[in-house]
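Me: I would like a close look at a single part of this model, namely the place where its two chains meet and what lies behind it. Please answer in one connected account.

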Amino acid sequence: MEDFFGNIGRTAGEILAGLSRLTALATQVAITFFRGFFEHKLVRTRHVVHQIVLMGVDSLGIICLVGASVGMVLALQAAYQLRQFGAQLYTGSLVSVSVTRELGPLVAAIVLSGRVGARLAAEIGTMKVQEEIDALSTMGLNPVQYLVVPRCLAFLIVLPLLTVIADIMGMTGGFLISSLGLHINPYLYLDKTFSALVLKDIYTGLIKSGLFAIIISLVSCHEGLAVEGGADGVGKATTSAVVTSIVLILVVDCLATAVLYYVLPS
Amino acid sequence: MIKTKPDTAKSIITVKGLVKRFGDRAVLDGIDLEIPDGQITVIMGGSGCGKSTLLRHLVGLYQPDEGEICIDGDNIVGLETKKMNGVKRKFGMLFQGAALFNSMTVGENVALPLREHTDLSEEIIQIIVKVKLELVGLTGFEEFMPHQISGGMKKRVALARAIALDPKIVFYDEPGAGLDPITASMIDQLILDLSRKLKITSVVVSHEMKSAFRIADKMIVLHKGKVLETGSAEQIKNTRNPYIQQFVHGEPEGAIPFRQTSDAYLKGLLET
């Protein structure tokens with residue numbers, strides 16, 4: 001019994017401590033970001049662009065693949081149910097709305113938490129183990145300013161952009177399956193797709209993906225900076241970065257959807 | 001070789017009453033020491049005596065629980081970040097594993113402090129990088145990646161990076177660790193050259209006796225978080241202290257017993 005409650009207490013304590021460290025890092029990143037507007041050389045554009053290439057361009061392929069397959073599967077499953085009401089035509093509306101509002105941002109975030117989040121945690125963790133972070137700080141370069149801020153900023157630009165691509169690919173996948181596989185009239189399908197979409201669907205999706213970007217980059221950099229020990233520590237940090245990111249993404253997704261639903265009624 | 005007497009030079013680093021505890025254990029237990037300007041000071045001691053921890057305090061990576069550390073007139077304990085960055089410009093550090101940035105070329109590694117801390121033009125930076133690499137005997141290695149060069153070369157590149165901003169002081173963490181005797185003695189020669197030619201103050205943390213006696217103007221021996229003895233290389237060599245004798249001659253039996261029970265080890269850790 002004592003063990004049981006002790007464990008609950010310890011776990012809760014660890015979670016709270018983790019959250020407070022994460023908030024501390026977030027505050028530091030935010031301060032550096034805003035100071036960057038006024039101070040010369042604080043945030044280097046060169047580093048941000050370099051990270052955008054590493055994170056974004058290299059993830060294009062996987063995002064297109066995942067986006068298209070999600071759209072296809074969604075169209076097939078939707079048509080299967082809608083056929084019972086003779087409403088197969090509305091497959092286009094369903095695919096476009098659910099992809100832009102929910103699945104596009106979510107799937108892009110989860111795929112990139114594996115691809116980019118793991119990379120960030122492993123990269124920064126290895127730098128920590130090899131004393132490179134200490135070297136930066138003895139050179140008078142703040143690791144948060146030099147490493148974390150450019151990565152967070154780059155990811156905040158990259159993830160919404162990739163989300164748009166995932167949205168487009170999802171709708172394209174749905175369109176291809178519906179017109180080629182389900183024999184829905186392509187013109188009618190496109191018409192339904194665009195008449196159902198409103199601007200709000202797209203920007204709520206993008207707001208969410210911005211939130212996900214902040215979560216993934218902060219969590220991954222934090223895990224990397226917190227690495228202790230050698231290769232073992234890096235491995236643990238990488239796993240923990242991906243798992244924590246995904247859990248937080250799902251929680252924040254629920255909250256954000258609810259807030260956006262009530263705050264911005266259409 | 002003519003050696004100036006340690007006592008005559010003025011101190012550039014002064015440490016007073018430095019205490020650092022990790023949990024209950026005092027890793028540094030009231031350290032007082034002075035590092036003379038323009039000379040080579042070797043801090044020695046067995047594994048776990050606190051010498052690396054001491055070095056990390058000197059460069060501002062750790063904050064002590066008590067005591068003060070003055071570098072060139074500034075007490076760096078609790079110093080605000082901006083002023084601390086000013087102090088950091090006065091020293092460079094060579095890490096045990098070189099700590100080169102693996103995603104950058106050798107040239108970019110050396111250029112990094114120059115690019116971040118100065119407004120020099122790219123051409124001038126390239127010239128300085130060339131000069132610094134030449135100083136450590138690696139002419140023409142600018143375009144190599146760190147994984148393409150040997151361990152000894154990495155350390156030399158790291159040294160070039162540490163002296164890129166012409167610091168007054170260079171800290172070395174186990175400069176000979178993991179190197180073959182020839183490469184290690186090359187690094188020693190570089191430390192001597194930098195000290196004699198450029199009048200750079202060198203603080204070397206090491207447990208390699210041969211190299212320590214070759215380069216040291218002043219030696220400080222640490223044991224269990226305390227300064228055990230201070231003096232010139234000659235004085236340390238001829239000391240009567242049984243622990244230092246065992247250390248200097250590298251004997252398995254002596255003041256430190258060969259066999260250790262885990263209980264005694266743990267008790268020793270907690271002894272303060």
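How many residues does the contact take from chain B, and how many from chain A?

Reply: This is a predicted model, in which local features need pLDDT of at least 70 and side-chain atom pairs count only at pLDDT 80 or more, while totals for chains, interfaces and linings use all residues. Residues are numbered from 1 along each chain as its sequence is written, and chains are lettered from A and ligands numbered from 1 in the order in which they are written.

The contact draws 13 residues from chain B and 10 residues from chain A, where two residues are in contact if their C-beta atoms, placed from the backbone, lie within 7 Å. On the side of chain B that touches chain A, helix 2 (81-88) and helix 3 each supply at least two residues; helices here are DSSP runs (H or I) of at least four residues, and strands (E) of at least two, numbered from the N terminus. Helix 3 of chain B gives the most to that side, with three residues. By type, the residues of the side of chain B that touches chain A comprise seven nonpolar, three polar and three charged, with Ala, Val, Leu, Ile, Met, Phe, Trp, Tyr, Cys and Pro counted as nonpolar, Asp, Glu, Lys and Arg as charged, and the others, Gly among them, as polar.

Helix 3 of chain B also packs within its own chain. The axes of helix 3 (residues 106-117) and helix 5 (residues 151-162) of chain B come within 8 Å and cross at roughly 25 degrees, the axes being lines fitted to C-alpha atoms over the stretch in contact, with angles from 0 to 180 degrees between N-to-C directions. The crossing of helix 3 of chain B past helix 5 of chain B is right-handed, meaning that the near helix is turned clockwise from the far one by less than a right angle, anticlockwise being left-handed.

At residue level, helix 3 of chain B brings Val106(B), Asn109(B), Val110(B), Leu112(B) and Pro113(B) against Val157(B), Ala160(B) and Arg161(B) of helix 5 of chain B. The residues of this contact between helix 3 and helix 5 of chain B divide into six nonpolar, one polar and one charged.
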